[in-house]
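Come and read along as I look things up.

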Amino acid sequence: MVNRLWSIVAARSAAPSSIVYRLSSFFKAFPGISMEHSPMTKTLGIIGGMGPLASALFLRKVVESVTAGKDQDHPRIVMDSNPAIIPDRTAAVLGEGPSPAPGIIQTGRILIAAGADFLAMPCVTAHAFFDKIQSGLGKPVIHMLRETRALAERLWPGARPGLLGTEGTLKTGLFDNLFKPAEIILPDTQTQKELINLAIACVKGGDIESARPLILRAAQTLTEKGADLIIAGCTEVPLMLRSRDTSVPVLDPMDALARACVRHWHETDDRP
């Protein structure tokens, strides 16, 4: 009930001052609830909903990336998963729908009003709008794709990666630009439409089991082309594909982002 009321109150306006005012009014109505956090630690805000299952998996990855002996060793995390206000990212990239940037910025501002000191956006295609999103927020957003490139260089230097992602991600060339001079191996049009797109749609519809054989076949086409590393270039892909399923490692950008979030938390943690 509290989370739903929070969403209703906070989502009324994208203006930061209005959001803060509405959140403050909300917490006054529920005196037993506080949005304050210890000044000794920083709070991570997760811009969720792209898609909901992937956001839940990312939250788990962040928690599992923390070295902790007890609950209190973990950072404070706030997440807003409100897919209704964030249009489809691929449709926007392909010119078939509105930009998701305003909805993402609104979500980020809600998180900042709730106490977030830095933000994470676990959606690959949304990074096509990264500069606009970052400029619309007053707190740093960790760039998932740059962290992915850094992790690949550290763990698999010289690898020839293959990419499993949305049509939007492929069209933007986000990974191609970041991984230069390495050549990214891309799926052919038939594999993209008949296997990858369908697999992602299955996950978004909650049917992961039907998605698994499709994404496995797509991954196999990339290894047959010479890929010795698979980039899970859509945050739905790790829900249906893991390294043990393939003959080559699978690089999950959410792993790279989760590690970066924890590292950022430690770098800004003022506790003795």
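**Entry 1: the whole chain**

I began with the overall inventory: the protein chain has 12 helices and seven strands. I am working from a predicted model, so I keep that in mind throughout. Next I looked up burial, and found that buried residues make up 50% of the 272 residues in the chain. For the surface, I noted that the protein chain exposes about 12,600 Å², with carbon and sulfur atoms supplying 53% of that area. I also looked at contacts with a separation of 6 or more, and 69% of them in the protein chain are between residues 24 or more positions apart.

**Entry 2**

Then I turned to pairs of helices. I reminded myself that two packed helices are described by the angle between their axes and the distance between the axes.

Which residues of helix 3 meet helix 12? I listed Ala54, Leu57, Phe58, Lys61, Val62 and Ser65 on the helix 3 side. Facing them in helix 12 are Met254, Asp255, Leu257, Ala258, Arg259, Cys261 and Val262. Sorted by class, the residues in this contact of helix 3 with helix 12 come to nine nonpolar, one polar and three charged.

**Entry 2: helix 7 against helix 12**

The axes of helix 7 (residues 144-155) and helix 12 come within 8 Å, and they cross at roughly 100°. Helix 7 and helix 12 are therefore roughly perpendicular to each other.

From helix 7 I noted Met144, Glu147, Thr148, Leu151, Arg154 and Leu155. They meet Pro253, Met254, Ala256, Leu257, Arg259, Ala260 and Arg263 in helix 12. The residues of this contact of helix 7 with helix 12 divide into eight nonpolar, one polar and four charged.

**Entry 3: helix 10 against helix 11**

How are helix 10 and helix 11 placed relative to each other? I found that the axes of helix 10 (residues 189-204) and helix 11 (residues 208-224) come within 8 Å and cross at roughly 150°. That makes helix 10 roughly antiparallel to helix 11, because angles over 145 degrees count that way. The crossing of helix 10 and helix 11 is left-handed.

Helix 10 brings Thr191, Glu194, Leu195, Ile196, Leu198, Ala199, Cys202 and Val203 to the contact. Helix 11 brings Ile208, Ser210, Ala211, Leu214, Ile215, Arg217, Ala218 and Thr221. By class, I have 11 nonpolar, three polar and two charged residues in the contact of helix 10 with helix 11.

I picked Ile47 next and found it in strand 1. Is Ile47 buried or exposed? Its relative accessible area is 1%, so Ile47 is buried. Not counting residues up to four places away in sequence, Ile47 touches Asp80, Ile104, Thr107, Gly108, Leu111, Leu119, Ala120, Met121 and Pro122. I also checked Ile47 against Cys123: they are 76 residues apart in sequence and 8.9 Å apart in space, C-alpha to C-alpha.

Gly168 lies in helix 8 (residues 167-172). With a relative accessible area of 0%, Gly168 is buried. Leaving aside its neighbours within four places in sequence, I see Gly168 in contact with Thr90, Val93 and Thr125. Gly168 and Leu94 are 74 residues apart in sequence, with 6.4 Å between them in space, C-alpha to C-alpha.

Ser247 sits in the loop between strand 6 (229-233) and strand 7 (250-251). Ser247 has 67% relative accessibility, so I marked it as exposed. From Ser247 to Thr223 I noted 24 residues in sequence and 8.0 Å in space, C-alpha to C-alpha.

**Entry 4: cis peptide bonds**

I finished by looking up peptide bonds. A cis peptide bond joins Met50 and Gly51, with omega about -10°. Gly51 is in the loop between strand 1 (43-48) and helix 3. A cis peptide bond also joins Lys180 and Pro181, where omega is about 10°. I placed Pro181 in the loop between helix 9 (174-179) and helix 10.

Notes. Residues numbered from 1 in each chain as written. Predicted model: local features only at pLDDT ≥ 70, side-chain atom pairs only at ≥ 80, totals over all residues. Heavy atoms only, no water. Contact = heavy atoms within 4.5 Å. Helix = DSSP H or I, 4+ residues; strand = E, 2+ residues; numbered from the N terminus. Nonpolar A, V, L, I, M, F, W, Y, C, P; charged D, E, K, R; others polar. Buried < 20%, exposed > 50% of the residue type's maximum accessible area, 1.4 Å probe, protein only. Areas by Shrake-Rupley, 256 points an atom, 1.4 Å probe, with all protein chains shown as cover. Axes fitted to C-alpha atoms, helices over the stretch in contact; angles between N-to-C directions. Parallel < 35°, antiparallel > 145°, perpendicular 65-115°, else oblique. Left-handed = near helix turned anticlockwise from the far one by under 90°.
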